Amino acid sequence: MQSIVQPSIQPLNRQSKIERFIHGPWPFILPALFGLVFMRAFPFVWQIWLSFTNMRLGRPGEFIGLQNYRVLFQNPVFLSSIAYTGVFMVATVAGQMFFGLLLALLLEEDFKGKAVYRMTFLIPWIVSGFVAGILWQLMLVETRFGMFNALLDLMNVPPVRWLSNARNAQMSVIMVYIWKGLGFSLLLMSGGLKIIPQEMIESADIDGASYLQKLRLIKLPMMKDIISVNIIFSVIAALNSYETVFVLTGGGPGGATSIIALVMFNTAFGDGRNQLGRGSAIGVVMFVVTLIFVIIYVRKTNFAKGYGKP
Amino acid sequence: MKALRHISILLALMILFTGVVFAGGGQQAPAPAEPGQVTVRFLVPQWASTRDARIERQVAFQSVIDSFHAANPNIRLQEVVSTASSYDVDVANQINNGTVEVVWINNPFYPTLQQDGKFVNVEPFLSEADKADFFPWTFEALKSVNGELGGLWHNTDVRLFFYRTDLMPTAPKTYEELITMTRQIKNSNPEMAAPFFASLGHTDAITHVWGNFEALGGRPFDDNGKPVVLDGQNRQYWERIFRTFKEMMDAGLIPESAAVAREAGVVPLLLSGQVASFIANSNYGVREIVAKLPAEEAALWQAANVPGYQGTAGGRSVSGGWVFSARKMDDPVLQEAAVKFVLHATSFMAQRNVNKAGGWTPTRTSVFQDDPFYQGDRFMVAADEALATATVRPLNVMSPIMASAIADALSQYLSGSATLAQALDRANTIIQQEFSNL
């Protein structure tokens, strides 16, 4: 009987573990994974832990449960900052949307020097928040040194307390943030206008639609998704930025312009207070609010379902 | 593709390495010393080191290191320049991890570490002459935390009243006099935007008037350490201080922007010649007036003690500044070497050279008496006089919280967003709430 010699089964992959690692997906995943773990995940988990402690800079904290959160929601400074942050967020986002759309529509038209105008409107967005704060402080500060009051003076109008009156300071901060975020809004709105098929506009022209009709019935509905994304990005930016208001008013007068991010910074690092546990609790509250908007964004863009899939 | 994979792995390793290094706070291992030598690492911010861009600072700090090496050949100094975005965070990490032996620390942060007994008591190492040379309040303040002298005050500043002598021939002794003088200036110089400027929107404001509060008889804490800064009589003192500023602001004697301004808010008015007087720290004389104004205009400026209130002791000012401290450690040889450096870095020579280069105010009386610059500079002479009677805001973890709450109250009252009673009630609620949660 002839024996049948079975060929020995060779492993399909004879590569060593190192070679498999090098030729697998991990080399491309690891840099991002390490970055994510060191720069995002670890600080985030650490921050949540700190929010349940009374840690101060230089002193190890003890676990105090929800006490930081209880104190926060009884603290008049924090509560008034929530109220102003809400107003600030709605007003800046609405302002940025409105003026962003208006400028995008204007820049859609053909005219000489369009590129220069577009660049000019983008500059505030590129400028650092601290620099923007200093510039506006110099322009708004009362006395003849301030540009705004100097202009009013030329018209024999008495100077306005732009930053030292609570209501005016609140409006001034909102105005500066609208100016600062306008470039980003303009960029997105311009992109949104560009993806509208030209044939639709031409058809509407042939049908005799007015400019406002084209805007209301074609352009705005077709830009719906872009506007939603723009709103969500602007809301997240408004919630997390503090540097301009830090320089412009420092949250004053009397806390009138304290936005949550600034309260967090001051609690954790400002004026030698160093209440890291409390500051972390404010950060967690900010995270929860931001998360709500991120969830809306993810749903809106179908991000979770995956882009590019058939 | 293969090269890309290798680059990617390299990148991952770099991130891992960076993560590990930064997790250690950028700490430095002691450099190898010669046989028989010990290495003392001292932590300083970049702007107070040999690596600062300003040549005069580089030279001054290097002279301190070189002279120490010459006097102590068995000790090697290693300057650790902080690269952290928050210097206080770096100090805390490096002291708690034992990775530096000496730190230069801002005085409001000193109590946090000294409460846990982190620093060596340097008092036994001081000669009687040294003890007599430092301004007495430096020892009182540093010892107030746990009874030990956990460092030596290296440089300071004291609030001064700066005034233009062509508009205000003599400095007012009281706020009542100041109001009368500034009204006259305003009447005869309608173009003058601000006869008087006091930054009132931040804790700077409380630093300005802390001496006034104490001179009026105010006590921030009771005998049990409970904050009573806004209780009973203390509250009435603050009401008096607040009302004075409100009166001046309503009369146009203080610019309204002062309600939100930090100390540096005076600089644009100073440069435009629209301010007749202001309160700021003593270094403004050298760093702002002399350095930035034309010589003939700078010559018009003079400085004096901050005004007081009628019926109370004269205006008293408050100091800030930085302290050299040595970490407590098990190695007696290394600890002794660290203390030696603290003594050297705060010696007459070091204080004279470094403070002059930095534009700061020294804490040794001998520097004012024996150095020609400090003897002759009118602003430093005023600083010396003010420092003799100065007090420091209590070195206590509640102090920054109190200052912040009272500063907010002042700003609310001045800007019209709250009545005086509402503003002070709110501040007291915050202070008591924070105290009960310490």
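What distance separates the centres of domain 1 of chain A and domain 2 of chain A, taken over C-alpha atoms, and what do the contacts between these domains consist of?

Tutor: The model is a predicted one, and the account below should be read with that in mind. Chain A is divided into domain 1, residues 1-50, and domain 2, residues 70-301. Taken over C-alpha atoms, the centres of these two domains of chain A are 45 Å apart. Contact between them involves four residues of domain 1 of chain A and five residues of domain 2 of chain A. The area buried between the two domains is about 410 Å², and carbon and sulfur atoms give 71% of that area. On the side of domain 1 of chain A, 90% of the area buried against domain 2 comes from Phe44(A), Gln47(A) and Leu50(A), more than from any other three residues. By class, the residues of domain 1 of chain A that touch domain 2 of chain A are three nonpolar, one polar and no charged. Between these domains of chain A the count of salt bridges is zero, while one residue pair is in polar contact across their interface.

The interface of chain B and chain A may be described in the same terms. Here 50 residues from chain B and 46 residues from chain A take part in the contact. The buried area is about 4200 Å² between chain B and chain A, with carbon and sulfur atoms giving 59%. One salt bridge crosses this interface. In a salt bridge between the chains, the side chains of Arg278(A) and Glu434(B) meet at 2.7 Å, N to O. Seven residue pairs are in polar contact between chain B and chain A.

Several helices of chain B each supply at least two residues of the side that touches chain A, among them helix 3 (87-97), helix 18 (398-415) and helix 19 (420-436). Helix 1 of chain B gives the most to this side, with ten residues. The side of chain B that touches chain A has 23 nonpolar, 18 polar and nine charged residues.

In one of them, Asp52(B) pairs with Arg54(B), the closest N and O atoms being 2.7 Å apart. Asp52(B) is buried, with a relative accessible area of 3%, whereas Arg54(B) is partly exposed, at 38%. A salt bridge also joins the side chains of Arg164(B) and Asp166(B), at 2.9 Å from N to O. In this pair Arg164(B) is buried, with a relative accessible area of 12%, and Asp166(B) is partly exposed, at 42%.

Arg240(B) forms a salt bridge with Glu176(B), the closest N and O atoms lying 3.3 Å apart. Arg240(B) belongs to helix 9 (residues 232-250) of chain B and Glu176(B) to helix 7 (residues 175-188) of chain B, so the pair ties together parts that are 64 residues apart in sequence. Both partners count as partly exposed, Arg240(B) at 30% relative accessibility and Glu176(B) at 26%. Finally, a network of salt bridges links Arg41(B), Glu101(B) and Arg327(B).

How values were computed
Residues are numbered from 1 along each chain as its sequence is written. Chains are lettered from A and ligands numbered from 1 in the order in which they are written. This is a predicted model: local features need pLDDT of at least 70, side-chain atom pairs count only at pLDDT 80 or more; totals for chains, interfaces and linings use all residues. Side-chain values use heavy atoms; hydrogens and water are left out. Domain bounds come from an automatic or database domain assignment. Contact means heavy atoms within 4.5 Å. Buried area is the accessible area (1.4 Å probe) that two parts lose on being put together, summed over both. A salt bridge is a side-chain nitrogen of Lys or Arg within 4 Å of a carboxyl oxygen of Asp or Glu. A polar contact is a pair of N or O atoms within 3.5 Å; within protein, one must be able to donate a hydrogen and the other to accept it, and residues adjacent in sequence count only if both atoms are side-chain atoms. Ala, Val, Leu, Ile, Met, Phe, Trp, Tyr, Cys and Pro count as nonpolar, Asp, Glu, Lys and Arg as charged, and the others, Gly among them, as polar. Helices (H or I, at least four residues) and strands (E, at least two) are DSSP runs, numbered from the N terminus. Buried means under 20% relative accessible area, exposed over 50%, partly exposed in between (1.4 Å probe, protein chains only).
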